[in-house]
Amino acid sequence: MTSIHNAFGWKVLRDILADATAGYGRTALVTGPVAAGKTTLLHSFADYAAQRGVLVLRADCSRFTPTGPLGLARQLLGVQTELADDSDLAPEDRELEADEAIAHIVELSYRSTVLVCVDDLRHAHPASAGFLSRLASAIGDRPVLVVATDRVGSPHGHHWLAQELTGRSTFRKISLTSLLPEQLVTLAEAEFGLGLDADTASRLLRLSNGNMLVTTALLRDLAADRDRYPAVGGSAQVPVGPGYARAVLETLHRLDPEIREIAEAIAAAGEHESARLIAVISGNEIAVVEEATRELVAAGLLAAGGFRHEVARGAVLGDMPLRRRVNLGKRTAVALKDDGASAEEAARWLESFHNGPVPPRPPQRSAGEDFRISGRRLETLWDARDILGSIDQGIHDLTAREDLRLMDLEGGKLLVAAEFPGLLRQAVDERAPRPRIDTTSVQGARYAAAWSLAGTLTGRTEPGHAAQLADQALERSIFTDEMAPATLAALWAHVYGGRPEQARSWCDRFLADTTDRQTMPWRASLTALRAEAALRTGDHAGAVTDAALALRMLPASRWGVRIGGPLGTLLHAHTLAGTSAKGTVLLRRRLPESMFETRYGLGYLYARGHHHLATGDHLLGLADFLRCGRILADWGFDQDRRIPWRLSVAAAYMAMGDYSKSVEYIVQALDRPGLLIAGLDAGESRFDAREAIFEQLREAIGTPGLAAVAAGLQSGGLLSGMDADVPRYKIYDRNTVCLQQLSPSERRVAVLAAKGVSNQKIARELSVTVSTVEQHLTRTYRKLQLADRQELRSRLG
């Protein structure tokens with residue numbers, strides 16, 4: 001391959017070797033961009049010379065093993081020594097040793113012709129590099145040939161050794177240029193048996209700029225697809241895939257780290273690429289960026305408009321560590337905004353960047369598009385917003401006579417918003433559900449299913465009515481592509497509404513009916529839903545089986561953001577089953593960040609939090625539960641109906657030994673409408689409920705049953721047989737310590753305020769003024785380090 005690509009360089013080296021053998025010392029410098037074939041040419045030529053009796057002395061320079069001042073000389077003479085030894089020598093001693101090395105090489109030439117090979121000279125120590133130019137001057141009329149290779153940013157770049165030796169008849173510079181189309185045709189035929197025409201060869205070179213690594217990767221892929229492209233004619237496609245991506249990365253990793261960083265910044269910026277913007281993102285001067293860009297162009301990675309192929313850009317982005325990619329994305333978004341982009345454009349770009357190398361603007365959809373929402377194409381919040389905007393436009397354009405179409409679009413809108421619940425509150429608040437829904441029509445059944453899920457998630461629909469809507473939709477459903485999204489929505493309404501048995505039964509029916517007819521994505525979604533229903537009925541083994549099966553049915557790329565559903569179920573099931581070690585493996589999966597904008601991401605976070613508690617990572621568990629709370633608050637769901645995150649936070653604090661914070665969150669949970677025991681707000685009953693929850697959580701700490709206890713408390717089932725003599729010492733001791741810090745007057749006011757009595761009623765009951773009550777409360781807040789009456793109630797209520 002080298003003899004074909006570098007035929008000129010090979011011929012020059014053979015000619016000057018013949019001159020050296022005849023007693024005319026020669027020096028050659030082989031230059032060219034990265035992956036031009038310099039090292040391959042040098043090694044091949046060294047083997048050729050050795051076979052002809054030439055004594056070959058070799059030295060390889062590398063940025064990973066830098067040479068010392070005498071590193072080249074010692075490598076050439078085979079001296080094994082530590083680099084640190086060089087620094088122990090005085091300058092005159094180093095000069096003496098270098099002169100002795102040159103004299104020794106000249107002495108060797110009296111026995112045979114000597115070939116001195118030095119690869120990648122740019123990484124040599126300056127003193128070692130100077131040794132090479134002194135050797136070139138010393139060989140005179142001895143049979144010695146010195147050949148060094150080095151990289152320059154372009155085939156026409158300058159090199160210090162060439163500048164020193166230019167003009168001498170003993171020096172030759174060999175510049176390896178990019179492959180020409182006719183050379184590529186010859187190479188493809190000789191090495192891969194491919195008959196390329198000039199047009200296909202030109203298209204290959206446009207992707208590689210003659211970079212040998214990239215070009216041979218493309219030829220190898222083309223040869224592997226010989227059956228698919230038998231003619232390889234002018235109209236043949238050029239396969240661009242993993243081989244090309246690997247060659248791009250290998251080329252990139254041969255470049256200096258600062259050039260790689262600039263390449264990563266260019267990959268991040270995408271179509272916004274400009275030297276000024278890249279300089280800001282990478283933290284370099286514009287001149288440095290321009291020089292690096294020229295080298296990347298010479299290396300065959302960049303062209304005038306950015307990366308030569310989107311696969312190359314994707315390979316560079318995918319090769320970055322996650323933390324660096326996130327930081328780079330943030331810097332780029334800020335730079336785009338400072339460069340004149342609007343905040344919305346910068347945010348849209350950032351969302352796209354976090355989910356892969358995709359265009360920064362989502363495709364436009366026409367208002368008249370018929371939305372059969374499968375959910376499979378919704379991967380980001382921006383996708384969902386884009387679709388909702390188009391649906392709203394479609395609704396606006398309808399006439400009053402198109403009622404079925406209107407109902408269809410309204411149902412589709414709810415299905416989209418239910419995937420990304422941050423959009424659901426507005427979608428639900430805009431319009432109340434229709435009082436009568438004719439589910440005999442496809443549009444009506446879809447609408448009923450959509451409302452059953454939306455109403456359950458937001459609490460806008462009574463549980464009984466939501467269940468009725470779900471059943472009506474399911475009874476009319478035949479599990480087809482058209483009805484599948486709505487059917488799944490009705491099934492999830494049963495799961496979230498506390499009716500997992502019904503959901504599991506329906507899943508069994510649909511899975512049995514669709515064995516031969518339905519596509520794998522829908523069966524996978526049904527199986528994942530069945531797993532979650534099994535988990536909520538206490539069948540942990542069944543949940544593990546179904547969730548694992550669902551994940552095997554589709555690759556992660558096909559699941560997209562929905563992978564959080566089966567993955568969270570499997571993780572939670574392992575935690576409840578006491579097999580947390582198996583769940584740890586699941587945490588190694590790389591997940592799309594936009595998954596946490598979906599309802600699937602919320603369930604995954606909650607499951608991961610309990611996994612962390614079960615494995616002793618209490619702080620990580622607390623972080624996940626608090627994030628659940630923030631997400632629900634952002635969505636406008638200020639209730640614990642879906643996920644009892646406050647009780648889980650209480651459990652995490654308790655596991656860390658912070659009983660005070662644990663009690664605060666227990667009290668907050670009792671105040672939420674999501675808990676069925678929230679009606680127990682009469683003094684003694686409320687105390688009993690709080691004490692019982694505290695004790696149940698305390699006993700479950702460190703056991704796999706903690707998540708089950710939290711779920712049981714959510715439904716109130718674990719408190720139905722509450723013992724009147726529940727232990728109280730934990731919380732009462734805590735309250736006693738608090739009250740002992742207060743004066744008797746402050747204590748009386750604080751106790752009444754903690755029970756919810758207003759300042760005016762406290763003043764009348766204690767026969768003091770309202771101002772006095774306020775003063776006592778102010779001092780109480782200061783002593784107990786509280787912010788307001790709500791925190792006082794959490795502490796003492």
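How many aromatic pairs does the count come to? The model is a predicted one, and the count in it comes to 9 aromatic pairs. A pair of aromatic rings is described by the distance of the centres and the angle of the planes. I will take two of the pairs in turn.

Start with W492 and Y496. Their ring centres are 5.2 Å apart and their planes stand at 25°, so this pair is stacked; the cut-off for stacked is under 30 degrees. Where do W492 and Y496 lie? Both are in helix α24, residues 484-496, and they are 4 residues apart, about one turn of the helix. W492 is buried, and Y496 is buried as well.

Now W645 and Y665. Here the ring centres are 6.3 Å apart with the planes at 65°, so the pair counts as edge-to-face, for which the angle has to be over 60. W645 belongs to helix α33, residues 645-655, while Y665 belongs to helix α34, residues 659-671, so the pair ties together parts that are 20 residues apart in sequence.

Next, charges over rings. Which residue lies over the face of Y110? That is R142, at 3.8 Å from the ring centre. In another case, R627 has its charged end over the ring of F596, 4.4 Å from the centre of that ring.

Last, the strand. β1 covers residues 26-32 and is mostly covered, with 7 of its 7 residues buried. Which residues of β1 point which way? R26, A28, V30 and G32 point to one side, T27, L29 and T31 to the other, and all are buried.

As for its partners, β1 is joined by 7 bridges to strand β4, residues 144-151, and the two run parallel. Within that pairing, A28 has V147 of β4 as its bridge partner. Strand β5, residues 171-175, is joined to β1 by 5 bridges, again running parallel. On that side of the bookkeeping, L29 has K173 of β5 as its bridge partner.

That is the list; I will take questions now.

Terms used: Residues numbered from 1 in each chain as written. Predicted model: local features only at pLDDT ≥ 70, side-chain atom pairs only at ≥ 80, totals over all residues. Heavy atoms only, no water. Phe/Tyr/Trp six-rings, centres within 6.5 Å; stacked < 30°, edge-to-face > 60°. Buried < 20%, exposed > 50% of the residue type's maximum accessible area, 1.4 Å probe, protein only. Lys NZ or Arg CZ within 6 Å of the ring centre and 35° of its normal. Pairing = 2+ DSSP bridges.
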